[in-house]
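This briefing is meant to be read beside the sequence and the model. It is grouped by topic.

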Amino acid sequence: MPSQSKAELLEIARHRLYPSLRDPNYLVLRRRRLILTEWISRLPTDGLTVLDLGGRYQPYRPLLVGRVRRYVAFDLLQTVITDVVGRGEHLPFRGNSFDLVIATGVFEYFPKPHDVAEQVFNALKPGGVLLMSVGAVSGRYVDEEHWRYMRSGLGSVLAPFAEVEIVPEVYTLGGFCRIVNFGLDLMTKTALLRNVYRATVCPMINVAGLMMEGAKLTTNDQLAGNYAAWARKA
Ligand SMILES: C[S@@+](CC[C@H](N)C(=O)[O-])C[C@H]1O[C@@H](n2cnc3c(N)ncnc32)[C@H](O)[C@@H]1O
């Protein structure tokens, strides 16, 4: 939506970074922030050149405040905060340009994700890092999405990288709660019903999921909602 104002885009980004309990995606978004915060703490403390692939909203940019020399937001859609418009399948950047590539919620869209991962690999400097988040057991949001990922499929997309870490954003119990919330949110067709659901059932399911995930009752990831990945170029 190119007509969105900067304030609207930043508000969406803020909700993704600090999700409300009324958000059906609360469990994965909350955990993603914690995972990415920890991974970002491993990076150099200043002078970073960053590419945000699928950077329409840039929810994770605030985690890098004070550490960035150049931040390039690249997206298919032009918005007031997009720096370069294009397709991730044809990245228009020289090799060895970036210390960090952030790609959250975008590898679901690429028809040939392995090819895009190769391009990201080339765009990174030696030692550079790709931080990713992809849907696993997750509903479809828009028709343009092509993929959901299993751990091993994501590993194969990231095969060019020397070091890869893949973690579920929520394990099976949290993933179950998230998918129930997703389904209920879809089924509440009227604004009134949806508002009631989001103020009552949705937060209760999120709290239940949070408690079960917190209690670490299982590390089974067969219903993992999303995976986050850290991948470092040698
Ligand atoms: C689900 S949003 C994720 C946005 C943001 N990265 C986040 O984490 O909130 C997916 C983004 O990928 C962009 N996108 C989809 N297909 C793309 C492509 N082929 N090349 C570049 N960007 C694409 C969309 O325009 C959209 O902004």
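Predicted model: local features only at pLDDT ≥ 70, side-chain atom pairs only at ≥ 80, totals over all residues.

Residues are numbered from 1 along each chain as its sequence is written. Helices (H or I, at least four residues) and strands (E, at least two) are DSSP runs, numbered from the N terminus.

**Sheet**
- Seven strands form an open sheet with mixed pairing, in the order E3-E2-E1-E4-E5-E7-E6; two strands pair if DSSP finds at least two bridges between them.
- Strand E3 (84–85) and E6 are the edge strands, each pairing on one side only.
- Strand E2 (residues 68–75) pairs with E3 in the parallel sense over two bridges, and Phe 74 stands opposite Val 84 in E3.
- Strand E5 (residues 124–135) pairs with E7 in the antiparallel sense over seven bridges, where Leu 130 has Ala 231 of E7 as its bridge partner.
- Strand E6 (residues 163–168) runs antiparallel to E7 and is joined to E7 by six bridges; Ala 229 in E7 is the bridge partner of Ile 166.
- Strand E7 (residues 226–232) has six of its seven residues buried, so E7 is largely enclosed by the rest of the structure. A residue is buried if 20 or more other C-beta atoms lie within 10 Å of its own, exposed if 12 or fewer, and partly exposed in between, with C-beta atoms placed from the backbone.

**Helix H2**
- H2 lies across E5, E6 and E7, running at about 15° to E7.
- The end C-alpha atoms of H2 (residues 26–40) are 21 Å apart, which agrees with the 21 Å that its 15 residues should span at 1.5 Å a residue; the expected span is 1.5 Å times one less than the number of residues.
- Buried residues of H2 include Tyr 26, Leu 29, Arg 32 and Leu 36.
- Among the elements covering the buried residues of H2 are helix H1 (6–17), helix H5 (172–187) and helix H7 (201–214), where contact means C-beta atoms, placed from the backbone, within 7 Å.

**Ligand shell**
- The ligand is surrounded by 16 residues, the closest being Gly 54, Arg 56, Thr 104, Gly 105 and Tyr 109; near means a C-beta atom, placed from the backbone, within 6 Å.

**Positive phi**
- Gln 58, in the loop between strand E1 (48–53) and E2, has a positive phi near 60°.
- Gln 58 is buried, with 25 other C-beta atoms within 10 Å.
- Asn 96 has a positive phi of about 55° and lies in the loop between E3 and strand E4 (98–104).
- Asn 96 counts as exposed, with 12 C-beta neighbours inside 10 Å.

Methods: Contact = placed C-beta atoms within 7 Å. Axes fitted to C-alpha atoms, helices over the stretch in contact; angles between N-to-C directions.
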